Amino acid sequence: WEEYIKTVAAAALKQQTPAQLMAIRKQLYELITHCIPPATILKAIAMRLVDGVDEELKPEVVNQAAFYEHRLQNGQKAIVHLEAFMAKFMSIYKRHLMQQS
């Protein structure tokens, strides 16, 4: 499952589109259905994402991961919070890439 998480993080870093988010949602759901705890999924993906972004973006990614982990603990549907974290990350990362070019 850790290799699968690598592919999820790589997909988010490679392309930030609604279609890619839907593909990532399917992958997240696949992880959940294989009994991987949602908090573990979020932490593992966040760590992979932090490794793949610029230094200036790392604090924001960690902050958002903590925010969505808290929501994950208090919420009912794990997939909603995991997908929301990925959507937020993709938004932050795409904005960062656009500002650099």
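1. Helix 3. In this predicted model, helix 3 covers residues 38-52, 15 residues in total. Its first and last C-alpha atoms are 21 Å apart. That is close to the 21 Å expected at 1.5 Å a residue.

2. Burial along helix 3. Which residues of helix 3 are buried? They are Ala39, Ile41, Leu42, Ala44, Ile45, Ala46, Leu49 and Val50. Their cover includes four other helices: helix 1 (2-14), helix 2 (18-33), helix 4 (58-74) and helix 5 (78-100).

3. Ile41. This residue sits in helix 3. Its relative accessible area is 0%, so Ile41 counts as buried. Leaving out residues up to four places away in sequence, Ile41 touches Ile5, Leu28, Leu31, Ile32, Ile36 and Leu82. For a distance check, take Ile41 and Gly52: they are eleven residues apart in sequence, and their C-alpha atoms are 17 Å apart in space.

4. Helix 1 against helix 2. How are these two helices oriented? Their axes cross at roughly 165 degrees and come within 10 Å. Helix 1 and helix 2 are therefore roughly antiparallel to each other, because angles over 145 degrees count as such. The crossing of helix 1 past helix 2 is left-handed. Helix 1 brings Tyr4, Ile5, Thr7, Val8, Ala11 and Ala12 to the contact. Helix 2 brings Gln20, Ile24, Gln27, Leu28, Glu30 and Leu31.

5. Gln27. Is this residue buried or exposed? Gln27 belongs to helix 2. It has a relative accessible area of 18%. The cut-off for buried is under 20%, so Gln27 is buried. Not counting residues up to four places away in sequence, Gln27 touches Tyr4, Thr7 and Val8.

6. Helix 4 against helix 5. The axes of helix 4 and helix 5 are 9 Å apart, and the packing angle is about 165 degrees. That angle makes helix 4 roughly antiparallel to helix 5. Helix 4 passes helix 5 in a right-handed crossing. From helix 4, the contact uses Glu60, Val61, Gln64, Ala65, Tyr68, Arg71 and Leu72. From helix 5, it uses Ala78, His81, Ala84, Phe85, Lys88, Phe89 and Ile92.

7. Handedness. The two helix pairs can be set side by side. Helix 1 passes helix 2 with a left-handed crossing, whereas helix 4 passes helix 5 with a right-handed one.

8. Aromatic pairs. How many aromatic pairs does the structure hold? There are three. One of them joins Phe67 and Tyr68. This pair is edge-to-face, at 5.0 Å centre to centre and with 90 degrees between the planes. Phe67 is partly exposed, at a relative accessible area of 41%. Tyr68 is buried, at 10%.

9. The stacked pair. Phe89 and Tyr93 form a stacked aromatic pair. Their ring centres are 5.5 Å apart, with 15 degrees between the planes. Both residues lie in helix 5, four residues apart, which is about one turn of the helix. Residues three or four places apart on an α-helix point the same way, because there are 3.6 residues a turn. Phe89 and Tyr93 are both buried.

10. The ring cluster. Ring pairs link Phe67, Tyr68 and Phe85 into a cluster. Tyr68 and Phe85 are also among the residues that make the contact between helix 4 and helix 5.

Note on methods: Residues are numbered from 1 along each chain as its sequence is written. This is a predicted model: local features need pLDDT of at least 70, side-chain atom pairs count only at pLDDT 80 or more; totals for chains, interfaces and linings use all residues. Side-chain values use heavy atoms; hydrogens and water are left out. The expected span of a helix is 1.5 Å times one less than its number of residues. Buried means under 20% relative accessible area, exposed over 50%, partly exposed in between (1.4 Å probe, protein chains only). Contact means heavy atoms within 4.5 Å. Rings of Phe, Tyr and Trp (its six-membered ring) pair if their centres lie within 6.5 Å; planes under 30 degrees apart count as stacked, over 60 as edge-to-face and the rest as tilted. Axes are lines fitted to C-alpha atoms, for helices over the stretch in contact, and angles run from 0 to 180 degrees between N-to-C directions. Angles under 35 degrees count as roughly parallel, over 145 as roughly antiparallel, 65 to 115 as roughly perpendicular and the rest as oblique. A crossing is left-handed if the near helix is turned anticlockwise from the far one by less than a right angle, and right-handed if clockwise.
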